[in-house]
Amino acid sequence: MARIRSIKPEFTQSESMGRVSREARLLFILLWTICDDAGRTRAASRMLASILYPFDADAGKRIEGWLEELEGEHCIVRYEVDGSNYLQVRNWLIHQKIDRPSASRIPPFDESSRVLATPREE
(Lines give C-alpha, C1' and ligand atoms only; values in the text may rest on other atoms or scores of the structure.)
Protein backbone atom coordinates (compact mmCIF):
# COMPACT_ATOMS: atom_id res chain seq x y z
CA MET A 1 0.00 0.00 0.00
CA ALA A 2 1.37 3.41 -0.94
CA ARG A 3 2.16 5.82 1.84
CA ILE A 4 2.21 9.57 2.03
CA ARG A 5 5.78 10.87 1.87
CA SER A 6 7.18 14.19 3.03
CA ILE A 7 9.50 16.65 1.34
CA LYS A 8 11.28 18.89 3.80
CA PRO A 9 11.47 22.62 2.98
CA GLU A 10 15.28 22.48 2.98
CA PHE A 11 15.30 19.87 0.19
CA THR A 12 15.83 22.55 -2.44
CA GLN A 13 18.86 23.91 -0.59
CA SER A 14 20.61 20.55 -0.25
CA GLU A 15 24.09 20.69 -1.74
CA SER A 16 23.87 17.11 -2.98
CA MET A 17 20.65 17.94 -4.80
CA GLY A 18 22.32 21.02 -6.25
CA ARG A 19 24.95 18.78 -7.85
CA VAL A 20 22.45 16.64 -9.79
CA SER A 21 20.25 17.59 -12.70
CA ARG A 22 16.70 18.83 -12.29
CA GLU A 23 15.49 15.54 -13.78
CA ALA A 24 17.48 13.51 -11.23
CA ARG A 25 15.98 15.59 -8.40
CA LEU A 26 12.49 14.86 -9.68
CA LEU A 27 13.30 11.16 -9.99
CA PHE A 28 14.58 11.13 -6.42
CA ILE A 29 11.29 12.49 -5.12
CA LEU A 30 9.25 10.19 -7.37
CA LEU A 31 11.17 7.18 -6.05
CA TRP A 32 9.91 7.96 -2.55
CA THR A 33 6.35 7.37 -3.75
CA ILE A 34 7.09 3.74 -4.61
CA CYS A 35 9.57 2.86 -1.85
CA ASP A 36 8.42 0.64 0.96
CA ASP A 37 8.69 1.67 4.60
CA ALA A 38 12.38 0.71 4.63
CA GLY A 39 13.14 2.95 1.64
CA ARG A 40 13.55 0.07 -0.82
CA THR A 41 12.07 -0.64 -4.23
CA ARG A 42 12.75 -2.67 -7.35
CA ALA A 43 15.23 -0.90 -9.60
CA ALA A 44 14.88 -2.13 -13.17
CA SER A 45 15.13 1.13 -15.10
CA ARG A 46 12.48 0.18 -17.69
CA MET A 47 10.02 -0.69 -14.94
CA LEU A 48 10.77 2.54 -13.07
CA ALA A 49 10.30 4.59 -16.23
CA SER A 50 6.93 2.99 -16.97
CA ILE A 51 5.65 3.50 -13.41
CA LEU A 52 7.07 6.95 -12.67
CA TYR A 53 6.95 8.54 -16.13
CA PRO A 54 3.99 6.95 -17.96
CA PHE A 55 3.55 9.94 -20.28
CA ASP A 56 7.22 10.57 -21.11
CA ALA A 57 8.45 8.47 -24.02
CA ASP A 58 12.09 9.50 -23.50
CA ALA A 59 12.24 8.51 -19.81
CA GLY A 60 13.18 4.92 -20.56
CA LYS A 61 16.36 6.07 -22.29
CA ARG A 62 17.28 8.71 -19.70
CA ILE A 63 16.41 7.18 -16.34
CA GLU A 64 19.62 5.16 -16.07
CA GLY A 65 21.65 8.38 -16.23
CA TRP A 66 19.50 10.00 -13.55
CA LEU A 67 19.95 6.96 -11.31
CA GLU A 68 23.72 7.19 -11.83
CA GLU A 69 23.64 10.84 -10.77
CA LEU A 70 21.74 9.99 -7.58
CA GLU A 71 24.03 7.11 -6.80
CA GLY A 72 27.07 9.32 -7.39
CA GLU A 73 25.79 11.72 -4.73
CA HIS A 74 25.11 8.82 -2.32
CA CYS A 75 21.36 9.47 -2.38
CA ILE A 76 20.61 5.88 -3.37
CA VAL A 77 22.43 2.58 -3.53
CA ARG A 78 21.63 0.01 -6.19
CA TYR A 79 22.15 -3.68 -5.59
CA GLU A 80 21.28 -7.12 -6.91
CA VAL A 81 19.92 -10.14 -5.07
CA ASP A 82 19.21 -13.43 -6.84
CA GLY A 83 19.26 -11.77 -10.26
CA SER A 84 16.81 -8.98 -9.35
CA ASN A 85 17.80 -5.31 -9.14
CA TYR A 86 16.82 -3.16 -6.19
CA LEU A 87 17.61 0.24 -4.80
CA GLN A 88 17.55 1.72 -1.36
CA VAL A 89 17.26 5.39 -0.52
CA ARG A 90 20.10 6.25 1.81
CA ASN A 91 19.21 7.93 5.11
CA TRP A 92 15.57 7.05 4.50
CA LEU A 93 14.46 7.17 8.13
CA ILE A 94 16.20 10.50 8.67
CA HIS A 95 13.99 12.04 6.00
CA GLN A 96 10.76 10.07 6.33
CA LYS A 97 8.71 9.59 9.48
CA ILE A 98 7.03 6.21 9.26
CA ASP A 99 4.19 5.49 11.67
CA ARG A 100 3.58 1.77 12.14
CA PRO A 101 6.08 0.61 9.50
CA SER A 102 5.39 -2.55 7.54
CA ALA A 103 8.14 -5.12 7.16
CA SER A 104 9.93 -4.91 3.83
CA ARG A 105 9.47 -7.71 1.33
CA ILE A 106 12.59 -6.52 -0.50
CA PRO A 107 15.92 -7.89 0.64
CA PRO A 108 18.16 -5.35 2.38
CA PHE A 109 21.30 -3.92 0.85
CA ASP A 110 24.48 -5.80 1.64
CA GLU A 111 27.86 -4.48 0.47
CA SER A 112 28.46 -7.72 -1.45
CA SER A 113 25.26 -7.14 -3.47
CA ARG A 114 26.22 -3.68 -4.78
CA VAL A 115 25.75 -3.20 -8.52
CA LEU A 116 29.01 -1.67 -9.73
CA ALA A 117 28.29 -1.49 -13.44
CA THR A 118 24.76 -1.77 -14.71
CA PRO A 119 24.39 -2.62 -18.40
CA ARG A 120 21.84 -0.49 -20.17
CA GLU A 121 18.50 -2.20 -20.60
CA GLU A 122 17.04 -2.55 -24.06
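Q: Which residues of helix α3 are buried?
A: In this predicted model, the buried residues of α3 (residues 45–52) are Ser-45, Leu-48, Ala-49 and Leu-52. Buried means under 20% relative accessible area, exposed over 50% and partly exposed in between, with a 1.4 Å probe and protein chains only. Helices are DSSP runs of H or I with at least four residues, strands are runs of E with at least two, and both are numbered from the N terminus.

Q: Where do they sit around the axis of α3?
A: The buried residues of α3 fall within an arc of 100 degrees seen down the axis, so they line one face of the helix. The arc is that of the directions from the helix axis to the C-beta atoms. An α-helix has 3.6 residues a turn, so residues three or four places apart point the same way.

Q: And what do the buried residues of α3 pack against?
A: They pack against α2 (22–34), β1 (40–42), α4 (59–72) and β3, where contact means heavy atoms within 4.5 Å.

Q: At what angle do α3 and α4 pack?
A: The angle is about 110 degrees, and the axes are 9 Å apart. That makes α3 roughly perpendicular to α4, a label for angles of 65 to 115 degrees; under 35 counts as roughly parallel, over 145 as roughly antiparallel and the rest as oblique. Axes are lines fitted to C-alpha atoms, for helices over the stretch in contact, and angles run from 0 to 180 degrees between N-to-C directions.

Q: Which residues meet there?
A: Ser-45, Leu-48 and Ala-49 in α3 meet Ala-59, Gly-60, Ile-63, Glu-64 and Leu-67 in α4. The residues of this contact divide into 5 nonpolar, 2 polar and 1 charged. Ala, Val, Leu, Ile, Met, Phe, Trp, Tyr, Cys and Pro count as nonpolar, Asp, Glu, Lys and Arg as charged, and the others, Gly among them, as polar.

Q: New topic: is Trp-92 buried or exposed?
A: Trp-92, in helix α5, is buried, with a relative accessible area of 4%. Leaving aside neighbours within four places in sequence, its contacts include Arg-5, Trp-32, Ala-38 and Ile-98. The C-alpha atoms of Trp-92 and Ala-38 are separated by 7.1 Å, although the two are 54 residues apart along the chain.

Q: What about the phi of Asp-82?
A: It is near 50 degrees, a positive value in a residue other than glycine. Asp-82 lies in the loop between β2 (76–81) and β3 (84–89) and is exposed at 77% relative accessibility.

Q: Which ground rules apply to the model?
A: Local features need pLDDT of at least 70 and side-chain atom pairs count only at pLDDT 80 or more, whereas totals for chains, interfaces and linings use all residues. Residues are numbered from 1 along each chain as its sequence is written, and side-chain values use heavy atoms, leaving out hydrogens and water.
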